[in-house]
Amino acid sequence: MVTPDLPLLLAGIGIMLAIPLTFMVANWVRKNVDHGEAQFGPDGKMISDEENDR
């Protein structure tokens, strides 16, 4: 039976979790952080923030 060293095991677990956690955080940021994109109405004109505040 092979027993890896504890630091090696922890490093492996950290590497395995790093990629999925990165994508989870990136998706959360994409959905929940205002990036200031322009929004266009059905007529093709840009909807300004001032119109949305009313």
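Residues are numbered from 1 along each chain as its sequence is written. Local features need a pLDDT of at least 70 and side-chain atom pairs 80 or more, totals for chains, interfaces and linings use all residues, and side-chain values use heavy atoms, without hydrogens or water.

**Helix α1**
- Helix α1 covers residues 6-32, 27 residues in total, and reaches 37 Å from its first C-alpha to its last, close to the 39 Å expected (1.5 Å times one less than the number of residues).
- At Ala-18 the helix bends by about 30°, and Pro-20 follows within four residues; the bend is the angle between axes fitted to the seven residues ending there and the seven starting there.
- The number of buried residues in α1 is 0, so the helix lies largely in the open.

**Overall layout**
- The chain holds 2 helices and 2 strands, running α-β-β-α from the N terminus (DSSP runs: helices are H or I, at least four residues, and strands are E, at least two).
- Of the chain's 54 residues, 2% count as buried.

**Confidence**
- The mean pLDDT of the chain is 82, and 83% of the residues score at least 70; pLDDT is the predictor's confidence in each residue, from 0 to 100.
- Confidence is highest in α1, at 93, and lowest in α2 (residues 49-53), at a mean of 52.
- Where pLDDT is low, the predicted coordinates should not be read in detail.

Methods:
Buried means under 20% relative accessible area, exposed over 50%, partly exposed in between (1.4 Å probe, protein chains only).
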